[in-house]
Amino acid sequence: MDTNELFIFILSVFIGFELISKVPSMLHTPLMSGTNAIHGIILFGGILVLADAATPLAQALGFVAVVFGSANVFGGFMVTDRMLQMFKRKKQP
Amino acid sequence: MSTLVALIFIGVAVLFIIGIKLLSSPKTARIGNLTAAAGMFMALLALHQPGGPSVWTQGWSFNYTLIAIGILLGLGLGAAGAYSVKMTAMPQMVALFNGLGGGAAALVASQEFLRGAQRPEGIGAPLAAAMQFATIIGSLSFAGSIVAYLKLQGKFEKPHTFPGQHLLNGLILLVILSLAGWLTFQAVGGNAVTGFVVMFFLALFFGVAMVLPIGGADMPVVISLLNSFTGLAVAADGFAIGNLAMVVAGTLVGSSGTLLTLLMCRAMNRPVTNVLFGAFGSGVAVGGAAAGGVVGTVKPIQADEAALLLSYAQRVVVVPGYGMAVAQAQHSVRELSEELGRRGVEVQFAIHPVAGRMPGHMNVLLAEANVPYDQLIEMEQINPTMDRVDVCLVIGANDVVNPAAREEKSSPIYGMPVIEADRCKTTIVLKRSMAAGFAGIENLLFYKDNTRMLFGDAKASLNALVAAVKAN
């Protein structure tokens, strides 16, 4: 961990605050769901540790992490898309 | 990190930021979600071992077979959940996915810790601290989200409290933090591993103990908070394994999620500490119900008469609440609004920020029923115009239309912004019975002179209204 990562971390905190302060409340559920999918990037953490796993226990835990992370990222984006595809304007008859 | 990987990483960060930005407008929200997904895909392409080769150029091994199976399994489970879930059960699904992410974050940090602690030199304090953080927050988020999921599914929905609960929770937290502090500087050897495992399970237990006392109706705030927790845990994992994409993505989720949580609490006029430690339903109901100020009588109305009022109104505002979701009445509401629209009545939906079980819950439900989103008006915009509304139709909403929030200084919800339904010419309340709302307090609206109560199941009442309007 070096200061570069800390720097990026601090900037990201402020960007996160700025981004969401302008969201109308009708989009809060899709937004929560969308950001939920974004933290599914933990899947990559799971892939990296499982790739290096040396013991059966490490492989088992890494495997569970990959399954969880994969469900988080794929399920998250899909469920958000399903919510959002319903936000349509009135169809002209 | 090679220049190419660095450039890809910058692209990933930009895609996530633009994605969240586009998610903030109804017109672009769907593209925003896809943009963030594209960022995720790009990050996968650039995935490399910290300081080492890309995962794509390493030789195939049994572990990679496991990875492939794991991804496909997760994809299957995630897709099945995402496409089978009913729109009314959406909050649960988000809670569940969030819990899985938190669990994954805790497992990744645990792996790194256990491996590092078995090396003779152990783990340096900054990395060890990041791993503790990710493990504690991740397992807390996992356990808490599962409890939140079960609560929203209707299992043990009531707050569970017992004397000394805060003290016990405080003690557990203290033990967890002490262990984490010790492990940060002594992350080496068998004792550290034992201590770590104890900490892991205590954090799981704490997640359960933290969410159990909170009532089902407060779950949106809890899920939003746990969502930001998971983001922070992922960011800490990013520090621990040296993956910048994880740091950025996790932090963005953490900070935006924290702000969203605060916005939700502000809309309910309650400090976030009150939600987490208050056990609202049990504590306040006693004092609230006793508060006086109920004047007037309840005046029931039949569907035929209500339909007449609606058909000859110029402007109708519908206030949906959790009761509409429970009764699955959103399609009937849309039918009624279309039927009225055909007769030249202007129909709008007034959306309270915390109506339902999640912010935006009502929007999602009504969108599912094909109500165009330009008919959905937020509270701040519609309140100044309520004087000019002929009929206000309150469907399964209670506390969010209670005028006590403006009139009764002694009321526990005094000061909470509400939709001012009582200012309309006539207010029709669809309600199953005279039971109090989630806050356990009398709703003064039901006793106002211009309020009529249409008792019964919301869906049945609405269908009766549709039939009666058609017959007019």
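In this predicted model, chains A and B meet through 74 residues of chain A and 93 residues of chain B. On the side of chain A that touches chain B, two or more residues each are given by α1 (3-20), α2 (28-38), α3 (42-51) and α4 (56-84) of chain A. Of these, α4(A) provides the largest share, 26 residues. The classes of the residues on that side of chain A are set out below.

| Class | Residues on the side of chain A that touches chain B |
|---|---|
| Nonpolar | 44 residues |
| Polar | 23 residues |

Within chain B, helix α4 (residues 90-117) packs against helix α7 (residues 190-211) at an angle of about 165 degrees, and the two axes are 10 Å apart. Because angles over 145 degrees count as roughly antiparallel, α4(B) is roughly antiparallel to α7(B). The crossing of α4(B) past α7(B) is right-handed. From α4(B), the contact draws on B:Ala106, B:Ser110, B:Phe113, B:Leu114 and B:Ala117, while α7(B) supplies B:Ala192, B:Val193, B:Phe196 and B:Phe200. Eight of the residues in this contact are nonpolar and one is polar, with no charged residue.

Another helix of chain B, α2 (residues 29-45), has 17 residues and should span 24 Å at 1.5 Å a residue; the end C-alpha atoms of α2(B) lie 25 Å apart, which agrees. The buried residues of α2(B) are B:Ala29, B:Arg30, B:Gly32, B:Asn33, B:Thr35, B:Ala36, B:Ala37, B:Gly39, B:Met40 and B:Ala43.

Conventions:
Residues numbered from 1 in each chain as written. Chains lettered and ligands numbered in written order. Predicted model: local features only at pLDDT ≥ 70, side-chain atom pairs only at ≥ 80, totals over all residues. Axes fitted to C-alpha atoms, helices over the stretch in contact; angles between N-to-C directions. Helix = DSSP H or I, 4+ residues; strand = E, 2+ residues; numbered from the N terminus. Parallel < 35°, antiparallel > 145°, perpendicular 65-115°, else oblique. Left-handed = near helix turned anticlockwise from the far one by under 90°. Contact = placed C-beta atoms within 7 Å. Nonpolar A, V, L, I, M, F, W, Y, C, P; charged D, E, K, R; others polar. Expected span 1.5 Å × (residues − 1). Buried ≥ 20, exposed ≤ 12 C-beta atoms within 10 Å, placed from the backbone.
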